[in-house]
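Morning, everyone. I have one model to walk through today. Please have a look at it first.

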Amino acid sequence: MSDKGGLQLLPETRHKIEVKIPGQNRLISIGIVLLVLVLIVYGSLAWYSGSTDAKIADADNQLAGIEQQRDKKSEAGLLTLSKQMAITGQIIQNHIFWSTAFSKLEAGLAGSVQFKSFSAQASDNTLHIRALADTYATIARQLAAFTGTDGVTDVNLDGVTTLTSGKLDFNTKLVFDRTKFLTK
């Protein structure tokens, strides 16, 4: 029946007609590979973002728990104590040690010199001494000892008077370097 009157309407064998354009299949393949890579990277980043968000939420929960455990009154007290300790440290660091000064004076004190009175002013860096000595040579040795004392920068003899007992009453003024004379 395929041949009716010499005209064949249906072919007896089928032939596939293929049209090949050079390079067309390669671009499609590269496009598909790139699309798959983009989908894999997107999926990886989405999974990483989700896990990171979960970690952040967990850290926020832990931080909120720690915040609830804080004792704010104790913290305020500790802050106050810390400030007070800083001030106390400054006071101790800048403390004047008169005992150090007196030890230095005592080390150079002549045996026959007796102090009657002394007064000191740390603001002026001066020490006024009124004392008794038996001779002028003792006064001279004592003034030399004061001059040789570490931290004393100047020694002034203000006056010498003779008492009826034979002793000499003298007044002297010592000027000192506060950092060497009054600190340890």
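Ground rules first. This is a predicted model, where local features need pLDDT of at least 70, side-chain atom pairs count only at pLDDT 80 or more, and totals for chains, interfaces and linings use all residues. Residues are numbered from 1 along each chain as its sequence is written, and side-chain values use heavy atoms, with hydrogens and water left out.

Let me start with the annotation. UniProt, in an unreviewed entry, labels residues 27-48 "transmembrane region". UniProt positions are given in the numbering used here, feature names are shortened, and annotations may be inferred rather than shown by experiment. In the model, that span is 100% helix and 0% strand. Its end C-alpha atoms lie 31 Å apart.

Now the strands. Strand E6 covers residues 168-176. Which way do E5 and E6 run? Strand E5, residues 152-162, is antiparallel to E6, with 9 bridges joining them. Two strands pair if DSSP finds at least two bridges between them. Asn156 has Lys173 in E6 as its bridge partner. Val152 is bridged to Phe176 in E6. E5 and E6 form a hairpin, with 5 residues between them. In the turn, Gly166 has a positive phi of about 95 degrees.

E6 also pairs with E4. Here 8 bridges join the two strands, again antiparallel. Arg130 has Asn171 as its bridge partner in E6.

Stay on E4 for a moment, at Thr126. Thr126 is buried, at a relative accessible area of 8%. The cut-offs: buried means under 20% relative accessible area, exposed means over 50%, and partly exposed is in between, with a 1.4 Å probe and protein chains only. Setting aside neighbours within four places in sequence, Thr126 contacts Ser119, Ala120, Gln121, Lys173, Leu174, Val175 and Phe176. Contact means heavy atoms within 4.5 Å.

Next, Asp169, which sits in E6. Buried or exposed? Asp169 is buried, with a relative accessible area of 5%. Residues up to four places away are not counted in what follows. Asp169 touches Lys116, Arg130, Ala131, Leu132, Gly159, Val160, Thr161 and Leu163.

Which residue meets the Asp169 side chain in a salt bridge? The partner is Arg130, at 2.6 Å, N to O. A salt bridge here is a side-chain nitrogen of Lys or Arg within 4 Å of a carboxyl oxygen of Asp or Glu. Arg130 lies in strand E4 (residues 126-133) and Asp169 in strand E6, so the pair ties together parts that are 39 residues apart in sequence. Arg130 is partly exposed, at 34%.

How many salt bridges does a search of the whole structure find? It finds 6. Glu67 and Arg70 form one of them, at 2.9 Å, N to O. Lys72 also bridges to Glu67, with the closest N and O atoms 3.8 Å apart. Lys72 is exposed, at 54% relative accessibility. Glu67 is partly exposed, at 38%. Arg70 is partly exposed too, at 37%. Arg130, to recall, is also partly exposed. Through shared partners, salt bridges join Glu67, Arg70, Lys72 and Glu75 into one network.

Last, the helices. Helix H3 covers residues 98-107, and Thr100, Ala101 and Leu105 in it are buried. Seen down the axis of H3, the buried residues fall within an arc of 135 degrees, so they line one face of the helix. That arc is taken over the directions from the helix axis to the C-beta atoms. On the other side of H3, Glu106 and Ala107 are exposed. What do the buried residues of H3 pack against? They pack against E4, helix H4 (136-148), E6 and helix H5 (178-181).

Arg141 is exposed, at 54% relative accessibility. Arg141 and Leu109 are 32 residues apart in sequence, and 9.2 Å apart in space, C-alpha to C-alpha.

How values were computed. Helix = DSSP H or I, 4+ residues; strand = E, 2+ residues; numbered from the N terminus.
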